[in-house]
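Biologist: I would like to go through the terms used for this model and see what stands behind each one. Please set the values against the definitions.

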Amino acid sequence: MSARLESFSYDDAIVRKFVFVTFFWGAVAMLVGLLAAIELADPAFNFGIPWLTFGRIRPLHTNAAIFAFAGNAIFAAVYYSTQRLLKTPMFSKLLSNIHFWGWQAIIVGAAVTLPLGFTQGKEYAELEWPLDLAVVVIWVVFAVNFFGTIAKRRERHLYVALWFYIATIITVALLYIFNNLALPSGWLKSYSLYAGVQDAFMQWWYGHNAVAFVLTTPFLGLMYYFLPKAAERPIYSYKLSILHFWSLIFIYIWAGPHHLHYTALPAWASTLGMLFSLMLWMPSWGGMLNGLLTLRGAWDRVAADPVLKLFVVSVTFYGMSTFEGPTLAIKSVNILSHYTDWTIAHVHAGTLGWVGFGTFAMIYWLVPRIYQTELWSKKLAEIHFWIGTLGILLYLVAIYAAGLTQGLMWLAFDKAGYLKYGDFVETTVRLIPMYWVRFIGGGLYLTGTLLIGLNMLMTWLRRPRPYAVQVHQAPALEKLQPEPIPMPSPLTEEGLPVSEAAVKLEYFASARWHRLWEARPVKLTVWVTIAVAFGSLFEAIPTFLIKSNVPTIASVKPYTPLELAGRDIYVAEGCYNCHSQMVRPIRAETERYGEYSKPGEFVYDHPFQWGSRRIGPDLQRIGGKYPDLWHLRHMADPRSITPGSIMPVFPWLLSDDLDFDAIASAVRAQKRLGVPYTDEEIASAVELARAQAERIGRKLDTESGMEGLEHTKIIALIAYLQRMGTDIKKPMEAPPAPVAKPPVQEAQRPATMPASESNVARAAGGGSRGAS
């Protein structure tokens with residue numbers, strides 16, 4: 001007896017909402033990125049406005065691109081495809097709308113707080129604790145709605161796109177919660193529960209896998225649903241999709257530590273990350289091939305269909321990025337690429353090509369269906385494709401060239417054994433033409449995005465009013481009956497017996513076991529959780545519990561209250577977006593910056609500030625290198641100190657009052673996190689900070705001719721900068737025996753030739769070019 005048919009309608013209203021905001025926030029993210037790009041080409045475009053400086057808007061750009069543009073695209077894809085794959089509307093329209101409006105409110109909150117300097121100071125995890133809590137709540141709402149829909153489905157088996165959605169929901173929850181554990185010290189201020197090495201490990205466990213489970217797995221789900229729909233072809237290989245899925249989610253979670261090669265992270269951890277990154281190449285290309293081979297028999301349509309064009313380029317960029325990523329994880333390559341624009345080019349190849357073009361393809365395919373009318377202009381979509389492709393190419397050629405230029409110049413030595421480009425700004429000025437080309441490429445990509453917005457608007461204007469309600473029918477899902485595990489015949493075709501091992505192997509290879517899993521979503525979800533948790537725990541537990549991973553250093557002491565306040569200003573201004581605090585044990589770096597960084601130096605750093613990019617030089621050993629007056633002048637007008645610098649000006653730091661009252665709560669929070677402040681230091685934190693500020697301020701008042709500096713933020717920042725790296729002093733070495741060598745002409749003298757006295761003299765007079 002067949003099951004009775006049930007009638008239902010899909011909720012496309014929620015899809016329309018998410019599609020619109022995907023375009024809107026995408027345009028905003030790209031516009032902010034364009035502003036950041038031109039600020040690097042010419043720092044005058046920072047306009048001397050605090051909330052427009054590069055350090056503050058770069059996190060706004062990355063968060064908007066990841067969580068607003070890509071995030072809303074994911075939700076549009078999930079809400080449209082899930083209903084149709086499960087033959088049921090979403091579990092709850094109320095939850096769908098709470099999810100939509102809650103997520104948009106979070107984005108608005110980020111757009112307000114990040115430019116105002118409220119940040120946790122960790123890449124892709126900058127949002128402060130109230131917004132973090134909101135993200136978790138809304139994510140739970142989304143999860144309940146999604147799994148509730150699975151529970152009421154009318155289709156027994158879960159299609160591959162749904163596997164990737166499940167992996168995304170589970171893993172993003174784990175990543176976001178554990179990386180963002182923090183202790184609040186105010187309504188919009190908190191400190192990471194982790195410090196130094198452990199914080200760096202957690203951040204790049206999160207940061208790498210945010211790329212994996214926000215920008216990869218859900219978009220693979222999108223690809224597995226929308227690409228076959230657009231091509232009107234079934235997915236190329238069911239078995240390949242199984243291999244692709246399980247190997248990808250298991251291997252990806254291990255790879256994060258490769259972001260920390262040659263840093264203070266234990267070498268075993270980064271090496272393990274490298275090995276799993278190399279293995280990641282295979283499942284990634286399995287997904288790419290599964291996507292491209294789905295177009296077999298439909299390649300003739302690619303030339304005429306902009307949706308298929310976009311999908312082909314998108315999947316191709318996925319393959320390119322997932323080949324390059326493991327390559328960059330190799331230590332010998334990472335020495336050259338790390339901290340350079342090569343990483344920026346790699347990330348944007350994936351974001352603009354894979355995520356961006358995949359999203360645009362989905363939107364072009366969806367718009368006629370959710371607006372129930374034909375696309376306004378197919379020709380305009382073609383123009384968008386070509387403008388966007390040209391924009392990507394200009395962007396990538398310029399920034400790959402910039403990254404290679406940086407890496408090669410930083411590592412170059414001359415024949416005499418000195419750094420060939422000892423002055424950091426020598427590299428900076430070489431990059432300016434490439435930054436202008438990047439700006440042009442980004443502008444073209446944004447232009448293409450505006451064209452899809454125009455196409456959406458004109459299509460929407462032609463929509464029927466009201467929308468037609470489309471009624472669908474499907475049989476109710478019958479109760480799952482226990483099934484015996486189907487095993488292959490124990491005999492060959494010739495009637496010969498087959499070993500039990502061969503029988504089990506054939507059963508496994510046939511993937512019939514997975515077909516059973518697909519009918520049991522709870523079991524599937526449990527195994528997904530185990531797959532991603534295993535690698536996470538295998539790396540995290542030793543990092544936290546084995547004390548030899550972070551040897552303590554007796555000379556390393558907590559920051560003074562004023563230095564802690566200065567560090568908070570450093571974080572708020574987004575200095576970690578331009579400067580690293582990690583001298584790697586590489587000759588070029590120790591020659592340029594000083595003694596390499598040790599794990600024990602960072603035990604009181606909540607959060608760590610190692611950075612991932614050097615637009616300016618490393619600052620780990622900046623303490624004591626220049627006088628206070630040099631720092632004052634440098635922050636007020638960097639180019640008066642370092643001609644060619646692209647650093648923004650920070651005049652407000654010389655006039656904004658320091659909030660001394662907030663220092664006490666900051667010190668108390670640090671104490672709760674395990675920083676060994678005494679009760680007396682906590683009780684007198686404000687007095688200690690004022691006393692140190694007055695000592696620095698009085699001296700600067702005399703030297704600069706200014707008054708009242710002891711009450712301003714610049715004093716705290718100078719105190720912090722002068723402390724950095726001073727807990728570790730490299731022991732003096734015996735001078736080498738004199739070796740006869742030809743005299744060096746003054747004009748040929750390398751910038752790194754020992755000349756500390758002349759450098760300090762120039763710094764005091766405002767003429768040093770050693771920082772930018």
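Modeller: Thr359 is part of helix 13 (residues 341–370); helices are DSSP runs of H or I with at least four residues, numbered from the N terminus. This is a predicted model, in which local features need pLDDT of at least 70 and side-chain atom pairs count only at pLDDT 80 or more, while totals for chains, interfaces and linings use all residues. Residues are numbered from 1 along each chain as its sequence is written, and side-chain values use heavy atoms, with hydrogens and water left out.

Biologist: Why is Thr359 called buried?

Modeller: Buried means under 20% relative accessible area, with a 1.4 Å probe and protein chains only. Thr359 has 0% relative accessibility, so Thr359 counts as buried.

Biologist: What does Thr359 touch?

Modeller: Leaving aside residues up to four places away in sequence, Thr359 touches Thr22, Phe69, Ala73 and Phe219. Contact here means heavy atoms within 4.5 Å.

Biologist: What makes helix 2 and helix 4 roughly parallel?

Modeller: Helix 2 (residues 54–86) and helix 4 (residues 129–151) pack at about 15 degrees, with axes 10 Å apart. The axes are lines fitted to C-alpha atoms over the stretch in contact, and angles run from 0 to 180 degrees between N-to-C directions. Angles under 35 degrees count as roughly parallel and over 145 as roughly antiparallel, so helix 2 and helix 4 are roughly parallel to each other.

Biologist: Why are helix 4 and helix 5 called roughly antiparallel?

Modeller: Helix 4 and helix 5 (residues 160–179) pack at about 155 degrees, with axes 11 Å apart. Given that angle, helix 4 and helix 5 are therefore roughly antiparallel. Among the residues making the contact are Asp132 and Trp139 of helix 4 and Leu162 and Thr168 of helix 5. The contact of helix 4 with helix 5 has 17 nonpolar, 1 polar and 1 charged residues.

Biologist: How is the protein chain divided into domains?

Modeller: The chain is divided into domain 1 (11–461) and domain 2 (561–729), with bounds from an automatic or database domain assignment. The contact takes 63 residues from domain 1 and 52 residues from domain 2. The C-alpha centres of domain 1 and domain 2 lie 33 Å apart.

How values were computed
Helix = DSSP H or I, 4+ residues; strand = E, 2+ residues; numbered from the N terminus. Buried < 20%, exposed > 50% of the residue type's maximum accessible area, 1.4 Å probe, protein only. Parallel < 35°, antiparallel > 145°, perpendicular 65-115°, else oblique. Nonpolar A, V, L, I, M, F, W, Y, C, P; charged D, E, K, R; others polar.
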